[in-house]
Amino acid sequence: MLVLSRMRDQTITIGDDIEITIVDVRGDKVRLGISAPAHVAVHRKEVYDSIKEAQKEEQKKEQKSE
């Protein structure tokens, strides 16, 4: 894992077309702005995990019905 220190309004670039900007820092919370192409899905980790779990459940249902 790469760990970087950034201040408000500073940006991190990933590849050629993804930018993460530190929008605000309040106490222990950091607000990020993410610019990415439309084809790149951007989710919070807990949302991503829920999506993946739902997809697994759907695959299980499909396999049982075959």
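Is Asp 24 buried or exposed? In this predicted model, Asp 24 counts as buried, at 15% relative accessibility, where buried means under 20% relative accessible area, exposed means over 50%, and partly exposed lies in between (1.4 Å probe, protein chains only). Residues are numbered from 1 along each chain as its sequence is written, and because the model is predicted, local features need pLDDT of at least 70, side-chain atom pairs count only at pLDDT 80 or more, and totals for chains, interfaces and linings use all residues. Side-chain values use heavy atoms, with hydrogens and water left out.

Asp 24 lies in strand S2; helices (H or I, at least four residues) and strands (E, at least two) are DSSP runs, numbered from the N terminus. When residues up to four places away in sequence are not counted, Asp 24 touches Arg 8, Lys 29, Val 30 and Arg 31, a contact being defined by heavy atoms within 4.5 Å. Asp 24 also forms a salt bridge with Arg 26, in which the closest N and O atoms are 2.6 Å apart. A salt bridge is a side-chain nitrogen of Lys or Arg within 4 Å of a carboxyl oxygen of Asp or Glu. The side chains of Asp 24 and Arg 26 are likewise joined by a polar contact of 2.6 Å. A polar contact is a pair of N or O atoms within 3.5 Å; within protein, one must be able to donate a hydrogen and the other to accept it, and residues adjacent in sequence count only if both atoms are side-chain atoms. Asp 24 is buried, whereas Arg 26 is exposed, because its relative accessible area is 58%.

Strand S2 spans residues 18-26 and pairs with S1 in the antiparallel sense over four bridges; two strands pair if DSSP finds at least two bridges between them. Ile 14 has Ile 18 as its bridge partner in S2. The hairpin of S1 and S2 has three residues between the strands, and in this hairpin Gly 15 takes a positive phi near 65°. Gly 15 is found in the loop between S1 and S2 and is exposed, because its relative accessible area is 56%. The C-alpha atoms of Gly 15 and His 43 are 18 Å apart in space, and the two residues are 28 apart in sequence.

Thr 11 is found in strand S1, which covers residues 11-14. Thr 11 counts as partly exposed because its relative accessibility is 33%. A polar contact of 3.0 Å joins the side chain of Thr 11 to that of Thr 21. Thr 21 is also one of the residues that Thr 11 touches, together with Arg 6, Glu 19 and Ile 20, not counting residues up to four places away in sequence. Thr 11 and Ile 22 are 11 residues apart along the chain, and their C-alpha atoms are separated by 6.4 Å. In the segment before S1 is Asp 9, a residue other than glycine with a positive phi, near 75°. Most residues other than glycine have a negative phi. Asp 9 is exposed, because its relative accessible area is 56%.

A nonpolar patch on the surface is formed by Val 25, Val 30, Leu 32, Ile 34 and Val 42, with about 420 Å² of accessible area together. Patches are made of residues with over 30% relative accessible area and no salt bridge, like charges being joined within 9 Å and nonpolar side chains (Val, Leu, Ile, Met, Phe, Trp, Tyr) within 5 Å. Accessible areas come from the Shrake-Rupley method with a 1.4 Å probe, and for residues only the protein chains shown count as cover. Strand S3 (residues 29-35) gives the most to this patch, with three residues. Val 30 is found in strand S3 and counts as partly exposed because its relative accessibility is 48%.

A search of the whole structure finds four salt bridges. One of them joins Lys 45 to Asp 49, with the closest N and O atoms 2.8 Å apart. Both residues lie in helix H1 (residues 45-65), four residues apart, about one turn of the helix. Lys 45 counts as exposed at 57% relative accessibility, whereas Asp 49 counts as partly exposed at 38%. Another salt bridge links Lys 60 with Glu 57, the closest N and O atoms being 3.9 Å apart. Lys 60 and Glu 57 also both lie in helix H1, three residues apart, about one turn of the helix. Lys 60 is partly exposed at 46% relative accessibility, and Glu 57 is partly exposed with a relative accessible area of 35%.
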